[in-house]
Amino acid sequence: MIDLHYWPTANGLKVGILIEELGLEYRLLPVNIRQGQQREAAFQQISANGRIPAIVDHQPADGGEPLSLFESGAILNYLADKTGQFLAPVGSRERRRVQEWLFWQVGHITPYLSQWQLFLEKAPEPIPFALDLLQGEATRLYEVLERRLAQQDFVAGEYSIADMAIFPWIQPARQGFDLGDYPAINGWRERIKARPAVQRAYARGRELAAGERSLVLE
């Protein structure tokens, strides 16, 4: 049994997708970040950084005491390794390719697209320097992804945790992009949207917070 401490943001959804893909038994434990529950002491015992998602695995891979993990990339790696799915074996070139794109998502997609959305949606007045900088980087990241997906159906060859990590962050309408200009990304999104596990993960998110903007699948 896995406890998933969660809110249906892009980072929460990526772990929800993997758990649904793996068919693992889990409990979804809401952490309402709009009400500040991520700052509560009980949650910070599980997630030292006070951010969702976090998990507690009551049957960890090493057979020991329950294991808690925070940081979505670490969770994706752990669950994929534990089950032997969606991440190639240690030492393989295929694994390195998945890791490359997973860390690209963590190091570039999340910080830049989240800041781009923040300045678009929350800034009390436009800040041209920030908007120009972030729009330029967001556009560059879309172009990187488009070039990659023009070569193959998924970023690392086979469908993997790298695709699951990137997918919830590509929100074109919210981010001001027309996927008519990015046909390879559009095709990739349609392939992933059609997966039953992805549909289940988004449905679980809507049960908690139907108004969360990350749940919109244009």
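Which strands does helix 1 lie across? Helix 1 (10-22) lies across strand 1, strand 2 and strand 3, and runs at about 155° to strand 1. The model is a predicted one, in which local features need pLDDT of at least 70 and side-chain atom pairs count only at pLDDT 80 or more, while totals for chains, interfaces and linings use all residues. Residues are numbered from 1 along each chain as its sequence is written, and side-chain values use heavy atoms, with hydrogens and water left out. Helices (H or I, at least four residues) and strands (E, at least two) are DSSP runs, numbered from the N terminus. Angles run from 0 to 180 degrees between N-to-C directions, with axes fitted as lines to C-alpha atoms, for helices over the stretch in contact.

**Annotated region**

- The unreviewed UniProt entry lists residues 1-87 as "domain: GST N-terminal"; UniProt positions follow the numbering used here, feature names are shortened, and annotations may be inferred rather than shown by experiment.
- Residues 1-87 are 33% helix and 21% strand, and the end C-alpha atoms of the span lie 21 Å apart.

- An open sheet is formed by four strands in the order 2-1-3-4, with mixed pairing; two strands pair if DSSP finds at least two bridges between them.
- Strand 2 (26-30) and strand 4 (67-70) are the edge strands, each pairing on one side only.
- On average, neighbouring strands of this sheet are turned by 15° against each other, direction ignored.
- Strand 1 (2-6) pairs with strand 2 in the parallel sense over five bridges, and L28 in strand 2 is the bridge partner of L4.
- Strand 3 (residues 54-57) pairs with strand 4 in the antiparallel sense over four bridges, and I55 stands opposite L69 in strand 4.
- Helix 9 packs on the sheet, where it touches strand 1 and strand 2, and its direction makes about 35° with that of strand 2.
- Five of the five residues of strand 1 are buried, buried being under 20% relative accessible area, exposed over 50% and partly exposed in between (1.4 Å probe, protein chains only).
- Both faces of strand 1 are covered, with I2, L4 and Y6 buried on one side and D3 and H5 buried on the other.

**Helix 9**

- The 14 residues of helix 9 (residues 196-209) should span 20 Å at 1.5 Å a residue, which agrees with the 20 Å between its end C-alpha atoms; the expected span is 1.5 Å times one less than the number of residues.
- The buried residues in helix 9 include A197, V198, A201, Y202, G205 and A209.
- These residues cover an arc of only 135° around the axis, so they sit on the same side of helix 9; the arc is that of the directions from the helix axis to the C-beta atoms.
- P196 and E207 are exposed on the other side of helix 9.
- Strand 1, helix 1 and helix 8 (183-193) are among the elements that cover the buried residues of helix 9, contact meaning heavy atoms within 4.5 Å.

- Helix 5 (residues 128-149) has 22 residues, which should span 32 Å at 1.5 Å a residue; its end C-alpha atoms are 31 Å apart, which agrees.
- Among the buried residues of helix 5 are L141, Y142, L145, E146 and L149.
- The buried residues of helix 5 pack against helix 4, helix 6 (161-166), helix 7 (172-175) and helix 8.
- I185 is in helix 8 and is buried, with a relative accessible area of 0%.
- Not counting residues up to four places away in sequence, I185 touches Y142, L145, E146, L149, I170 and L179.
- C-alpha to C-alpha, I185 and D3 are 32 Å apart in space, and they are 182 residues apart in sequence.

**Backbone exceptions**

- Most residues other than glycine have a negative phi, and most peptide bonds are trans.
- The peptide bond from I52 to P53 is cis, with omega near 0°, and P53 is in the loop between helix 2 (41-44) and strand 3.
- E71 has a positive phi, near 80°, and is found in the loop between strand 4 and helix 3 (72-83).
- The relative accessible area of E71 is 41%, and the residue is therefore partly exposed.
- F86 also has a positive phi, near 65°, and lies in the loop between helix 3 and helix 4 (93-121).
- F86 counts as buried because its relative accessibility is 19%.
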